Amino acid sequence: MSLGDALFGAFALPFMGRALLVMLVLSVIAGVVGVLVNLRGLEFISDGLTHAVFPGLAVGLAVGGSAGVLPGAAIAALIGAVLLTWLMRSGVANDAGIAVVLTAAFSIGVIVVSKSDDYAGALEELLFGRVLTIPPSDVVPLVVVSAIALLLVALTAKQQVFRAFDPAGSRAAGDSAFGLDLALNVAVALVVVAGASTVGSLLVLALLVVPGAAARLVTGRLWLLFPVAGIFAALASWLGLATGFAASVGAGVDLPAGSTIVAVFVLAYAIVLLVRLARDAARRRAGAGTTPAGPSASGAPSTRAVGERAA
Amino acid sequence: MSSNAVLTFEEAAFTYPGGDGVSELDFAIAPGEAVALIGPNGAGKSTLLRGVLGLVPLTHGRMALGDAGRDASHADRGMVGFLPQTIEFDIDFPISLEQVVMQGRYRRLGLLRWPGRADREAVRHALETVGLGEFAAKRFGSLSGGQRQRGLLARALAADPRLLLLDEPFNGLDQPNRDALVATLRRLKADGVAVLVSTHDLELAREVCDLVLLVNGRQNAFGPVSDALTLANVQRCFEGVEVEIDEHTLVVPGHEGH
């Protein structure tokens, strides 16, 4: 099989074209939402929502079969988003408490799935997705769910960034902390819903976290982060699907599609990281003493500084 | 005085759910007036400022913003600019100085509108007012402490406030930055902006402010600097704390700074 077949020809097949369409919409939106997840440091909440959604997926599957997965997940995600927003805000629960609740939710989901006829198959689909077997009737609901997430983020983007940068200042300017947190958490939850029924609930976190982290490495300019994350996500999704197809059809190595996509996301992140490290090293050699303009190459949330008065 | 006042309190009290707060507030600030807010630590100075911003509930009396003659609403607070004592932020946060200053315009813009030409013009003007015009594109975290503080003042000014609240703005400022802030405040007063500034610095109160508000859990005294800033009033306000008052500086042992 030629490179062109893998990169372009493969998507003429209906199931591959459908997978590409859904993955492009989902991953670009997940990337854009993920920039805010990165700036707010909400990776833990996002992880929590993937767990909260799982029992919804399982109950939906048990009650309504394959068609029940998306509504079940959506209901669980909305309940989870409201509950997590409220818990984090009121301070009644700490990280450990939330982790216990979410693990419990996950195990309830597994128990529900275990009652189904095809235990192993159903569990695998919920955990690791069904990128290549998305039913045609699911495409529109998946796109709609993702679009609502994008709308929530687009409407609140300025204020979300303000809150991420300076929470106290954002509140002093009259923004509702609860409202902003709820909007962002619901957007994350909707991405998790769409992602859980495609790449699977264990892998969707990569779509949310990796493009935003990669964008932080590429640019230090605020509003460029969003397009950079979207482009990164689109390219990685496309290459991931093509790689899986080439390996399965061309080389006879049966790679699970969802996991292959996620592996390509992580690999692409590693390449961006290496380029960034090399660029920083070159800059240090070129002009020792000048500080780089962008964030530190680790991309990790760094120490928080207190604005001091001394000049 | 209250007919055209920017901020009016009548028997007002702000109380946190825990019970702490500041009460018996009964004063008004007119356009172009500056009020020095003075009191020991924990006296409710920040509570008062946060109350004006709507962050601490008004539990008694009434507060009016502007000349509307009605109680302060969410929308009225759009006319208030606020300079916090400090901000805590991620030093690597990818945001430029002008983007931080633009945050001062968000309240006007609301959720749906994005900054336009008038907003960019207001940001440029605010940055020039604080002398940071040439640093507009710099990453906020790469600025010095004094520059960040001036940047935050520019953010407060970008809102075109009619009332400016400043929480201990002179703490830790060196002389050039202090002089620049005094000059900026005088210019704002001349433009008709009302200023409420909490400070430990009596020299500053005399330099910039027309009025003094002494608080210690409640309003102790309010009036022109020469009338209200008497040794007796200050001693009453700082009860239990040794107070020396010389020509210029109030020395409150162990109560300087934060």
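Tutor: Strands β8 (residues 163-167) and β9 (residues 194-198) of chain B pair in the parallel sense over five bridges. This is a predicted model, where local features need pLDDT of at least 70, side-chain atom pairs count only at pLDDT 80 or more, and totals for chains, interfaces and linings use all residues. Residues are numbered from 1 along each chain as written, chains are lettered from A in the order written, and side-chain values use heavy atoms, without hydrogens or water.

Student: What makes β8(B) and β9(B) a pair?

Tutor: Pairing requires at least two bridges found by DSSP, and these strands, being DSSP runs of E with at least two residues, have five bridges; L163(B), for instance, stands opposite A194(B) in β9(B).

Student: Why are β6 (80-83) and β11 (219-224) of chain B said to stand at the edges?

Tutor: In the open sheet of six strands, ordered β6-β8-β9-β4-β10-β11 in chain B with mixed pairing, β6(B) and β11(B) each have a single partner strand, so one side of each lacks a neighbour in the sheet.

Student: Why is S197(A) called buried?

Tutor: Buried means under 20% relative accessible area, with a 1.4 Å probe and protein chains only; S197(A) has 3% relative accessibility and therefore counts as buried.

Student: What makes V69(A) a contact of S197(A)?

Tutor: Contact means heavy atoms within 4.5 Å, and S197(A) touches V69(A), L70(A), R130(A) and L142(A), not counting residues up to four places away in sequence.

How values were computed: Buried means under 20% relative accessible area, exposed over 50%, partly exposed in between (1.4 Å probe, protein chains only). Helices (H or I, at least four residues) and strands (E, at least two) are DSSP runs, numbered from the N terminus.
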